[in-house]
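Here is a short briefing to read alongside the model. Please keep the sequence and the 3D view open as you go.

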Amino acid sequence: MKDKKIDNGLSMKLISLGDVEVGKSCLIKRYCEGSFVEDYITTIGIDYGVKKVPFNDTKVKINIFDFSGDDDYKPIRTKYYSDSIGVLMVYDVNIKATFDSLVKWEKEAEKFGLDLTKCVVVVMGNKTDIKKREVKADIAKEWAKGRGYKFYEASAKTGFNVNDGFKYLFNTMYTKTVENRSKYVY
Ligand code: GDP
Ligand code: MG
């Protein structure tokens, strides 16, 4: 049986992955509407912030670790993969190389202890407002589907699909966390 009080202490971890400059930080900032507070980890290649999201009659803390895609920060980044329940994987629809890189990001995550099959993964093709498309939506969607990931195209600049993508991500993270927990709480 679930106990509502426990929800008050619930927190969930989200990480963002993808090449430098694809728009990870802008997407997160756009969704969090200024409430994303940059904290101390900025200097080591990770922006950290807490977003409180209401679910039912409680608020749940989402710890967001927004990774820099820069390889200079790889040794630090690799320490932060574990325990994530949500993964935001971003590429730029106008630069095919950033889409091709997603496989590299998957490998890094798995190598450093994250089982992506147990996470909620959202793939976002960002910057749809720039009309120099190199990655077709169908191709990216198929790729994501084959791996059990949810797919959205979006634009941090115009806001297109940003809320829908994050709502799906957070709702599914929440459901999954509650389901996992109910296996152990009686
Ligand atoms: P990150 O390195 O993945 O975190 O990328 P940033 O969020 O720092 O964004 C990199 C650059 O892309 C910045 O100059 C942003 O202003 C720009 N940018 C991010 N999202 C969009 C978008 O949806 N459309 C356009 N036109 N520019 C974007
Ligand atoms: Mg960034």
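At 22% relative accessibility, Asn161 counts as partly exposed, a class that lies between buried (under 20% relative accessible area) and exposed (over 50%), with a 1.4 Å probe and protein chains only. This is a predicted model, in which local features need pLDDT of at least 70, side-chain atom pairs count only at pLDDT 80 or more, and totals for chains, interfaces and linings use all residues. Residues are numbered from 1 along each chain as its sequence is written, chains are lettered from A and ligands numbered from 1 in the order in which they are written, and side-chain values use heavy atoms, with hydrogens and water left out.

**Overall fold**

- The protein chain has seven helices and six strands; helices (H or I, at least four residues) and strands (E, at least two) are DSSP runs, numbered from the N terminus.
- Read from the N terminus, the order of the elements is α-β-α-β-β-α-β-α-α-β-α-β-α.
- The protein chain has 186 residues, and buried residues make up 48% of them.

**Two positive phi angles**

- As background, most residues other than glycine have a negative phi.
- Asn161, although not a glycine, has a positive phi of about 65 degrees, and its place is the loop between β6 (150-153) and α7.
- Glu21 is not a glycine either, and its phi is positive at about 75 degrees.
- Glu21 sits in the loop between β1 (11-17) and α2, and it counts as exposed because its relative accessible area is 67%.

**Ligand 1 and its surroundings**

- Which residues are the closest to ligand 1? They are Glu21, Lys24, Cys26, Asp129 and Ala156, out of 15 residues that surround the ligand, where a residue is near if one of its heavy atoms lies within 4 Å.
- Sorted by class, this shell holds five nonpolar, four polar and six charged residues. Here Ala, Val, Leu, Ile, Met, Phe, Trp, Tyr, Cys and Pro count as nonpolar, Asp, Glu, Lys and Arg as charged, and the others, Gly among them, as polar.
- Helix α2 (residues 24-32) gives the largest share of the shell, three residues.
- A polar side-chain atom of Lys24 lies 2.8 Å from an oxygen atom of ligand 1.
- From the backbone, an N or O atom of Gly23 is 2.9 Å from an oxygen atom of the ligand, and a polar backbone atom of Ala156 is 2.8 Å from an oxygen atom of ligand 1.
- Taken alone, ligand 1 exposes 580 Å², and the protein buries 72% of that; these areas come from the Shrake-Rupley method with a 1.4 Å probe.

**Helix α7**

- Buried residues in α7 include Val162, Phe166, Leu169, Phe170, Met173, Thr177 and Arg181.
- An α-helix has 3.6 residues a turn, so residues three or four places apart point the same way.

**Cysteines**

- How many disulfides does a search of the whole structure find? It finds zero, with a disulfide taken as a pair of cysteine sulfur atoms within 2.5 Å.
- Cys32 is buried because its relative accessible area is 1%, and Cys119 is buried at 8%.

- Gly45 lies in the loop between α2 and β2 (46-55) and counts as buried at 9% relative accessibility. Its C-alpha atom is 6.3 Å from that of Phe67, 22 residues apart in sequence.
- Thr58, in strand β3, is buried with a relative accessible area of 8%. The C-alpha atoms of Thr58 and Leu10 are separated by 9.4 Å, with the two residues 48 residues apart along the chain.
- Asp71 is found in the loop between β3 (58-67) and α3 (74-77), and it is partly exposed at 47%. Between the C-alpha atoms of Asp71 and Val20, 51 residues apart along the chain, the separation is 9.1 Å.
- Glu110 belongs to helix α5 (residues 102-111) and is partly exposed at 41% relative accessibility. Its C-alpha atom and that of Ser82 are separated by 9.3 Å, the residues being 28 residues apart along the chain.

Technical notes: Polar contact = N/O pair within 3.5 Å; in protein donor to acceptor, adjacent residues only side chain to side chain.
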